[in-house]
Amino acid sequence: MSQPVDLLLITWNRREYVEKTLSNLLADPSDFRLYCWDNASQDGTADLIASINDPRVVKRHFNQENVAQYEPCIWFFEAATSDVIGKVDDDILLPAGWTERIAPMIRKDPQFGMLGCWIFMPEDWNEFLAQQNIVELSGERVFRCVMIQGQSFLARKDYLLRYQNQAKTGIPINRVAMSLDGLVSGYPVPLLYAHNMDDPRSPMNVKTKAGRLGSDSALSARALKFESAEAFGQWIAADALHRQTVPFEQQIKWMRLKQDKTVMGKIKCKLWKLLFKPKIKQ
């Protein structure tokens with residue numbers, strides 16, 4: 001019998017979201033273990049995490065300062081004991097049974113990299129457009145992407161350790177390198193729909209629904225330097241469309257060109273931009 005998967009949840013001053021995320025996650029009867037890291041929240045989030053009464057919450061760490069995601073991920077990688085581990089964000093509502101759907105796939109075929117839930121809006125998905133990037137592996141259909149988001153995924157622990165890097169923002173995993181090495185990352189089809197409450201288009205959004213974005217906006221919005229909620233929402237929708245309309249091989253070729261730092265590589269990269277700029281998201 002397979003052991004339960006281990007999940008990491010990192011949070012900072014997001015009680016409005018965390019109470020919904022945790023309630024939804026712990027209502028799922030699936031067998032998993034949850035590791036919680038609070039980054040010195042001052043809005044009651046830490047108290048909420050401390051009050052959880054569920055045996056699946058196996059470790060809680062209350063840090064004295066906000067250290068973003070790198071340190072919590074390293075702590076989790078060292079503490080997790082399962083062969084399959086993953087991460088859930090503090091603003092994501094996940095479908096029941098998602099770990100029981102994905103974990104067996106990962107354990108069945110070592111060519112699977114990171115598999116997760118679709119955290120775009122349901123209306124952002126068009127299987128007809130996406131068909132060109134849907135592959136079948138060990139009898140499982142997967143919408144393949146060069147990299148998937150860190151909001152809700154599972155992967156083999158040894159793969160996450162192998163591809164660990166020192167990313168300053170986001171999870172410290174070189175997800176592009178996993179795809180360049182031939183691992184299949186993406187979303188199982190039929191899709192498992194998760195709801196991203198921090199998407200400005202979400203009716204449950206409480207932080208970035210309108211106006212200018214602040215210091216408590218989504219990490220991706222801050223990392224990409226978006227100033228308005230409207231622009232951030234448009235980018236999310238465009239990202240979903242890009243993944244479906246640009247052939248995977250074209251995406252992977254672009255990533256290889258970007259990694260070639262030779263003079264010839266830079267020339268090819270410039271030419272590629274000129275030829276495919278309307279199709280390749282920079």
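How many bridges join strand β8 (residues 140–144) to β10, and do the two run parallel or antiparallel?

Modeller: Happy to. First, this is a predicted model, in which local features need pLDDT of at least 70 and side-chain atom pairs count only at pLDDT 80 or more, while totals for chains, interfaces and linings use all residues. Residues are numbered from 1 along each chain as its sequence is written, and side-chain values use heavy atoms, with hydrogens and water left out.

Now to your strand. Three bridges join β8 to β10, and the two run antiparallel. Helices (H or I, at least four residues) and strands (E, at least two) are DSSP runs numbered from the N terminus, and two strands pair if DSSP finds at least two bridges between them. β10 also pairs with β6 (residues 112–116), this time in the parallel sense and over two bridges. β10 itself spans residues 184–188, and five of its five residues are buried, meaning under 20% relative accessible area with a 1.4 Å probe and protein chains only (over 50% is exposed, in between is partly exposed).

Phe143 and Met114 have the most contacts inside the largest nonpolar core, which has 38 residues. Such a core is a set of buried Ala, Val, Leu, Ile, Met, Phe, Trp, Tyr and Cys residues joined through side-chain atoms within 4.5 Å. Among the elements that each supply at least two residues of this core are β1 (5–11), β2 (32–38), α3 (70–79) and α9 (229–245). Helix α3 gives the most, with six residues. A second, separate core of 33 residues includes Leu22, Leu48, Ala103 and Phe112.

The whole structure holds eleven aromatic pairs; rings of Phe, Tyr and Trp (its six-membered ring) pair if their centres lie within 6.5 Å, with planes under 30 degrees apart counted as stacked, over 60 as edge-to-face and the rest as tilted. Tyrosine 35 and phenylalanine 76 have ring centres 5.2 Å apart and planes at 70°, so they form an edge-to-face pair. This pair links distant parts of the chain, with tyrosine 35 in β2 and phenylalanine 76 in α3, 41 residues apart. Tyrosine 35 is buried at 3% relative accessibility, and phenylalanine 76 is buried at 2%. Phenylalanine 76 also pairs with phenylalanine 77; their centres are 6.3 Å apart and their planes at 45°, so this pair is tilted. Together with Trp37 and Trp75, the residues Tyr35, Phe76 and Phe77 are linked by ring pairs into a cluster.

One more tryptophan is worth a look. Tryptophan 98 lies in helix α4 (residues 98–108) and is buried, with a relative accessible area of 1%. Tryptophan 98 and leucine 192 are 94 residues apart in sequence, yet their C-alpha atoms are 6.9 Å apart in space. Not counting residues up to four places away in sequence, tryptophan 98 touches Leu192 and others, including Leu7, Val88, Cys117 and Phe153.

Technical notes: Contact means heavy atoms within 4.5 Å.
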